[in-house]
Structure formats: C-alpha cells, structure tokens
There are 2 protein chains.
Amino acid sequence: MSDATNTKDRLLDTAEQLFAQTGIEATSLRTITAEAGANLAAIHYHFGSKETLIQEVFARRVEPVNQERLRQLDELEAAAYPNAPSLKKIIEAFIYPVLLMNKVSDGDCRPFMRLLGRVYSESENIQKLLFSQFKETATRFLAAIQKALPHLPKIEASWRFKFMVGAMAMTVVSHAGFEEQLGSENEMQDMEAIIEKLMAFLIGGMQAPLYQKSEGSTKL
Amino acid sequence: MSDATNTKDRLLDTAEQLFAQTGIEATSLRTITAEAGANLAAIHYHFGSKETLIQEVFARRVEPVNQERLRQLDELEAAAYPNAPSLKKIIEAFIYPVLLMNKVSDGDCRPFMRLLGRVYSESENIQKLLFSQFKETATRFLAAIQKALPHLPKIEASWRFKFMVGAMAMTVVSHAGFEEQLGSENEMQDMEAIIEKLMAFLIGGMQAPLYQKSEGSTKL
DNA sequence: AAGTGTTTGAAACGAATGTTTGAATCGTAC
DNA sequence: GTACGATTCAAACATTCGTTTCAAACACTT
C-alpha cells in the first residue's frame with residue numbers, strides 16, 4: 001500500500017491513513033501492520049507503544065506547517081518594518097501553509113488532513129501534543145492580528161482568531177471527505193479556489209464591526 | 001450522578017456525559033452502567049446494543065435544536081414576507097438555538113455540547129445520523145442566505161455557509177473545554193457575550209467582498 | 001567465513017470489550 | 001395472595017485489544 005522503503009516509514013504512512021479512515025482508538029495495531037505488510041511486533045520494536053506511534057504520526061506533519069507559518073510571518077514583519085503587516089497578508093501566512101500541504105514533496109498529505117479533523121475527539125495526549133506545537137504559532141499570529149486591527153478590543157480579536165481556526169478546520173475536513181453531505185453541487189474544486197473563498201470570509205469576519213443584537217430576536 | 005428517575009434516562013444522561021469526557025469508542029458499557037448505578041445488562045435490555053444507545057444519545061439533543069432553528073426561520077420568513085429576512089436575523093436563527101441549548105429546561109446540555117465537538121471523529125454511523133438530521137436545516141438556511149445575499153455567487157455562499165458551521169463548532173468546543181489552550185486570559189464569559197462576538201464575525205464574513213490574492217504572497 | 005548488532009517472525013499473555021443467558025426481583029392487575 | 005409482564009442481577013461467553021517473548025533472518029564489519 002505504501003511505497004516507503006523501510007518498515008518504520010511504511011508504518012507511519014499506513015497508520016496515518018487508517019487513523020484518518022477509521023479513527024485513532026478504533027484502529028488496531030494488527031490492522032496497521034497487516035496493511036503495511038509488517039509484523040505485529042514491528043510497531044513495538046520501532047515505536048515502543050501505540051501511544052508513541054500516534055505522537056510521531058502527528059509530529060511528522062504538524063511541525064513543518066507551523067515552522068512555515070512562522071517563517072512567512074517573520075518575512076512579512078521584516079518587509080513591513082517599522083509598520084505592521086496588513087491583516088490580509090497575516091491571514092494568508094496562517095492559512096496557506098496548512099491547506100497547501102499536499103503540494104509539498106514528501107508524500108500525500110491528504111490522509112493527514114482528514115485526520116486533523118478527528119483530533120478534537122481522541123485521547124487527551126494528542127490534544128496536548130498538538131496544542132503545545134501550536135501555542136507559539138497562535139501567540140505570534142494573535143499578536144500580529146491585534147496590531148493589524150488596533151481599533152478592535154483585544155478580547156474580541158482573540159475570539160475572532162478562534163473562529164478563524166474553526167472555519168479553517170471545517171475547510172480541511174470538508175474538502176477531505178464531506179463533499180457529499182452539505183450540498184454536493186460543488187464539483188471537486190482545486191484547493192486554490194477554496195482558499196480564496198475562505199480568505200474572503202476570514203478577512204470580512206476579522207474586520208467586521210462590533211455586533212448589536214436584533215431588537216426583536218426570538219429567544220428559545 | 002444523574003438525577004433521572006428511571007434507568008433508561010439515567011443511562012442516556014450518563015452515557016452522554018462520559019462520551020463527552022472520554023470519547024465514544026473509548027467509553028465502555030461497564031463504565032456507563034457503573035456510573036449510572038445500573039447493571040451491565042441494562043443497556044442491552046433498554047437499547048439492544050451500544051450502537052443504538054449512541055444514536056439515541058444524539059437524536060435526543062439534535063432533533064429539538066434543528067426544529068427550533070426551522071421554527072425561527074419560518075417565523076422570520078413569515079414576518080418579512082414578501083421580502084426576504086435580513087442576513088443578520090437568519091444567522092441569529094441558526095446560531096442561537098445551538099449555543100443557548102443549556103437554557104432549556106430538560107437537564108444540563110453542556111456535556112452534549114462537548115460531545116458535538118467529537119462528532120467528526122467517531123464512527124461513520126453517527127456522522128450519517130447527524131447529517132441526515134441536519135440536511136433539511138442546512139438546505140433551508142442556505143437558501144435563505146442566498147436570497148439575503150443575491151449579489152453573491154451561489155457557490156460562494158455555499159462555502160461561506162460551511163465556514164460558518166466550522167466557526168460555530170469551534171465555539172462550542174472552545175467554550176466547553178479549550179479555554180486554557182488558546183490563551184486563557186478570557187475569563188469564563190457567559191455564552192451571550194460569546195455569541196455576540198461570533199455573530200459579528202459571521203456577518204462580516206458572510207457579507208465580505210470577493211477576495212483578490214496578494215500580489216507578492218509567498219508560496220510554499 | 002565467522003561474529004555481532006539490527007530487524008522480522010510466529011505465538012502466546014493478560015486484560016478489556018460487547019453481548020448473551022437465566023434466575024431473581026419488582027410492580028401491578030386480577 | 002397469586003399470577004404475570006417488566007426490570008434487574010450476577011455470571012459467563014467469545015473476541016479483540018496492546019503488549020511481551022524469544023527464536024529466526026538479515027545486514028554488515030572484521
């Protein structure tokens with residue numbers, strides 16, 4: 001199934017794919033090793049435990065993305081200095097590295113993108129690992145956004161950043177496997193076109209004026 | 001733990017809570033029945049299988065929310081007739097019934113809101129059940145949004161609706177358990193204040209002009 | 001060719017899972 | 001009070017899980 005030469009990489013590729021298809025807890029080591037053409041004991045030989053395998057599956061993908069995000073943000077801030085980069089470019093630097101992951105050379109990342117959609121559900125350890133990797137990125141980008149929107153209260157910017165992450169996550173999941181459910185009239189569009197729609201939505205949301213509730217809105 | 005009088009409701013309440021805490025697949029029937037003060041066999045007596053229990057846990061909460069959404073949308077369209085309701089009110093009718101669920105009388109819904117965050121990960125059957133319940137709501141609201149934004153291409157509106165669902169889901173998850181990870185300076189705010197921030201973001205995103213990519217944007 | 005450290009192989013272990021069974025208990029109508 | 005359906009109970013069932021074990025096969029240096 002996987003074309004990797006050594007057993008360890010084949011196990012990582014296969015585990016990533018099966019985790020995305022079936023779920024992490026629901027995927028047994030026997031299924032992984034069978035699909036990868038390896039022996040059951042190979043996982044414990046190469047990784048020590050299932051838990052470590054899971055962590056390595058995630059770390060392998062998440063690290064490069066966040067590094068690329070921070071690299072682009074550095075570049076933007078250097079180019080704009082002493083001014084702040086524009087909101088548009090900040091958001092681009094945050095969004096593009098994730099959603100264009102499948103363009104990088106090292107294998108097909110789409111299984112992992114589906115897997116990311118599952119991440120909020122499974123074991124606490126995975127969440128902690130992901131958030132620890134994400135924390136620096138989140139801090140840096142939130143600060144940049146707050147500088148780009150100086151009129152917006154900081155607490156408001158903080159929440160809008162969360163909403164942005166949510167919309168982005170939904171895009172990942174959506175493009176990976178949910179085409180058919182929320183109206184399938186959308187043909188398989190290339191990711192570039194989807195990113196442009198997402199960018200418009202995010203910029204509009206980030207720059208939106210504060211909200212005033214409708215006067216006659218119905219309460220539950 | 002649960003104050004329900006009969007065993008069946010106690011099992012539903014306890015299962016919901018444990019599913020949200022630990023995950024669906026990871027929660028064993030023995031844990032549920034022990035926590036609920038019931039016998040292990042009670043689940044198979046009342047529900048027939050774990051799968052059916054899961055479905056009933058979801059159906060019990062999802063149905064009323066979507067019904068309330070559609071009721072509010074009906075009300076809006078009737079009041080605005082022959083014109084279309086405003087975008088603002090449509091989004092309010094979509095958002096408020098979910099995020100104000102815990103105000104309804106029948107028990108504490110917060111465990112279920114955390115559970116919703118897990119739903120993209122677990123068994124295919126749950127997804128199908130949820131999407132079948134959600135399909136009518138999604139169709140109706142998407143149509144209303146497209147009428148309220150006649151200048152926006154339909155494909156664009158369809159994607160923005162997905163982004164909206166994503167941002168809303170992130171809010172549910174975020175408020176339920178992720179306060180500490182994405183910057184914990186936000187004190188436990190009441191849901192009403194969060195909804196107002198979300199509404200501003202969503203309306204801004206929905207009404208945003210089409211996007212033009214930055215000329216010098218960095219490619220990966 | 002022998003020896004050594006690395007990797008793979010088949011088999012078993014103990015624990016946990018969903019499910020089934022059949023008897024005991026409860027509530028209620030006659 | 002007795003009979004009967006609904007519910008609960010303790011115990012066992014067959015599977016599956018992650019993990020361990022130890023010998024066989026391999027790669028590579030001397």
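This is a predicted model: local features need pLDDT of at least 70, side-chain atom pairs count only at pLDDT 80 or more; totals for chains, interfaces and linings use all residues.

**A residue in its helix**

Author: Ile91(B) is part of helix α5 of chain B.

Ile91(B) is classed as buried because its relative accessible area is 1%, while the class takes in any value under 20%. Leaving aside residues up to four places away in sequence, the contacts of Ile91(B) are with Met164(B), Met199(B), Leu202(B), Ile203(B) and Met206(B). A further residue by which to locate Ile91(B) is Leu73(B): the two are separated by 18 residues in sequence, and their C-alpha atoms are 9.5 Å apart in space.

The loop between α4 (50-80) and α5 (87-99) of chain B contains Pro82(B). The peptide bond leading from Tyr81(B) to Pro82(B) is cis, with omega near 5°. Chain A has a cis bond from Tyr81(A) to Pro82(A), also with omega near 5°. Here Pro82(A) is found in the loop that links α4 (50-80) and α5 (87-99) of chain A. As background, most peptide bonds are trans.

**Chain A as a whole**

Chain A can be described in general terms. Nine helices and zero strands are assigned to chain A, giving the pattern α-α-α-α-α-α-α-α-α along the sequence. Of the 220 residues in chain A, 54% are buried. Among its contacts between residues at least 6 apart in sequence, 71% join residues at least 24 apart.

The buried residues of α1(A) include Leu11(A), Leu12(A), Ala15(A), Leu18(A) and Phe19(A), together with Arg10(A), Asp13(A) and Glu16(A). In an α-helix there are 3.6 residues a turn, so residues three or four places apart point the same way. Just after α1(A) comes Gly23(A), which adopts a positive phi of about 105°. Most residues other than glycine have a negative phi.

**The surface near DNA strand C**

The protein residues that surround DNA strand C number 15, and the closest are Thr7(A), Tyr45(A), His46(A), His44(B) and Lys50(B). Of the atoms of DNA strand C that come within 4 Å of the protein, sugar and phosphate account for 48%. Both chains supply polar side-chain atoms here. From chain A, an N or O atom in the side chain of His46(A) is 2.7 Å from a phosphate oxygen of DNA strand C. The element that gives the most is α3(A), with three residues. By class, the surface near DNA strand C is made up of five nonpolar, seven polar and three charged residues.

**The surface near DNA strand D**

DNA strand D is surrounded by 15 residues, of which Arg30(A), His44(A), Lys50(A), Thr7(B) and Tyr45(B) are the closest. Sugar or phosphate provides 47% of the atoms of DNA strand D within 4 Å of the protein, and bases provide the rest. Arg30(A) has an N or O atom 2.6 Å from a base oxygen of DNA strand D. Lys50(A) has an N or O atom 2.7 Å from a phosphate oxygen of DNA strand D. A polar side-chain atom of Ser28(A) lies 3.5 Å from a phosphate oxygen of DNA strand D. The elements that contribute two or more residues to this surface are α2 (29-36) and α3 of chain A, along with α3 (42-46) of chain B. The greatest contribution is that of α3(A), with three residues. Near DNA strand D the classes are five nonpolar, seven polar and three charged residues.

Note on methods:
Residues are numbered from 1 along each chain as its sequence is written. Chains are lettered from A and ligands numbered from 1 in the order in which they are written. Side-chain values use heavy atoms; hydrogens and water are left out. A residue is near a molecule or strand if one of its heavy atoms lies within 4 Å of it. A polar contact is a pair of N or O atoms within 3.5 Å; within protein, one must be able to donate a hydrogen and the other to accept it, and residues adjacent in sequence count only if both atoms are side-chain atoms. Helices (H or I, at least four residues) and strands (E, at least two) are DSSP runs, numbered from the N terminus. Ala, Val, Leu, Ile, Met, Phe, Trp, Tyr, Cys and Pro count as nonpolar, Asp, Glu, Lys and Arg as charged, and the others, Gly among them, as polar. Buried means under 20% relative accessible area, exposed over 50%, partly exposed in between (1.4 Å probe, protein chains only). Contact means heavy atoms within 4.5 Å.
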